[in-house]
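Subject: Structure handover

Hello,

Here is the structure we discussed. My notes follow below it.

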Amino acid sequence: VLAWRAGHRDAGRILISRHYPAVFRFFFGKVDLGTCEDLAQRTFEVLCRRPAGFRGEGSFRAYLLGIARFVLLPHARRSRGFEPVDDSLLPADDPSASEAIGAQQTLRLVATALRRLDLDDQILIELKDWEGLSQAELAVLFAVPQPTVARRLQRARARLRAAVEAVIADPSARAASLRNLDSCLQS
């Protein structure tokens, strides 16, 4: 960031290539693929217009994902909804065929349940569990105290569990899926 601010264009290119996948993942599943690319591009445009906006509070990645959140929110208000996740793109690289099918079904189920949550719950769970942001970084991103982030995260995960329960009709499948929920989020 410092090199880029000092006028080294290559540093800006490196920064973008390093963080583009995380920004793209942030939008993936919330919007269609073309819009996902547009919103990722818009995120980096905002960054380019305000390179001095990052003050070192938390990681640069958290700052950039915060920009992505502020790019997504107006888009979500305008479009009044999201495209469903394309589950054909979810990974299934487990060596056992039956385990691979089960893992893909669990991922599909969690993705479907996650899309039923409020946008802030989706973002909070994804940034914490999929992007690995700390509660301190999330506190800066959401502009709330860290204990508030912890409480919101706890509530969001509870709502996700309830959404998973609502998606699954079979009680035995529900119990197995809920047991696998935490490992699914980590994977």
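Buried here means under 20% relative accessible area, exposed means over 50%, and partly exposed lies in between (1.4 Å probe, protein chains only). Helices (H or I, at least four residues) and strands (E, at least two) are DSSP runs, numbered from the N terminus.

This is a predicted model: local features need pLDDT of at least 70, side-chain atom pairs count only at pLDDT 80 or more, and totals for chains, interfaces and linings use all residues. Residues are numbered from 1 along each chain as its sequence is written, and side-chain values use heavy atoms, with hydrogens and water left out.

Overall fold. The protein chain has nine helices and zero strands. Of its 187 residues, 41% are buried. Take contact as heavy atoms within 4.5 Å. Among contacts between residues at least 6 apart in sequence, 62% join residues at least 24 apart.

Helix α6. This helix covers residues 119-130. Its twelve residues reach 15 Å from first C-alpha to last, close to the 16 Å expected at 1.5 Å a residue. That expected span is 1.5 Å times one less than the number of residues. Nine of the twelve residues are buried, so α6 is largely enclosed by the rest of the structure. Among the buried ones are Asp121, Glu126 and Asp129, along with Leu124 and Leu127. Just after α6, Gly132 takes a positive phi of about 75 degrees.

The core. A nonpolar core is a set of buried Ala, Val, Leu, Ile, Met, Phe, Trp, Tyr and Cys residues joined through side-chain atoms within 4.5 Å. The largest one has 46 residues, and Val23, Phe26, Phe27, Leu47, Leu72 and Leu127 touch the most other members. α4 gives the most to this core, with eleven residues. Beyond its neighbours within four places in sequence, Phe27 is in contact with Cys36, Leu39, Ala40, Thr43, Ala68, Val71 and Leu72.

The second largest pocket. A pocket is an open set of points on a 1 Å grid over the protein atoms alone, where a 1.4 Å probe fits, with protein on both sides within 12 Å along at least five of seven lines; lining residues have an atom within 4 Å of a point. This one holds about 380 Å³ of space, the volume being that filled by probe spheres set on the points. It is lined by 18 residues, with Gly53, Tyr63, Gly66, Ile67 and Phe70 nearest its centre. α4 gives the most to the lining, with five residues.

Best wishes
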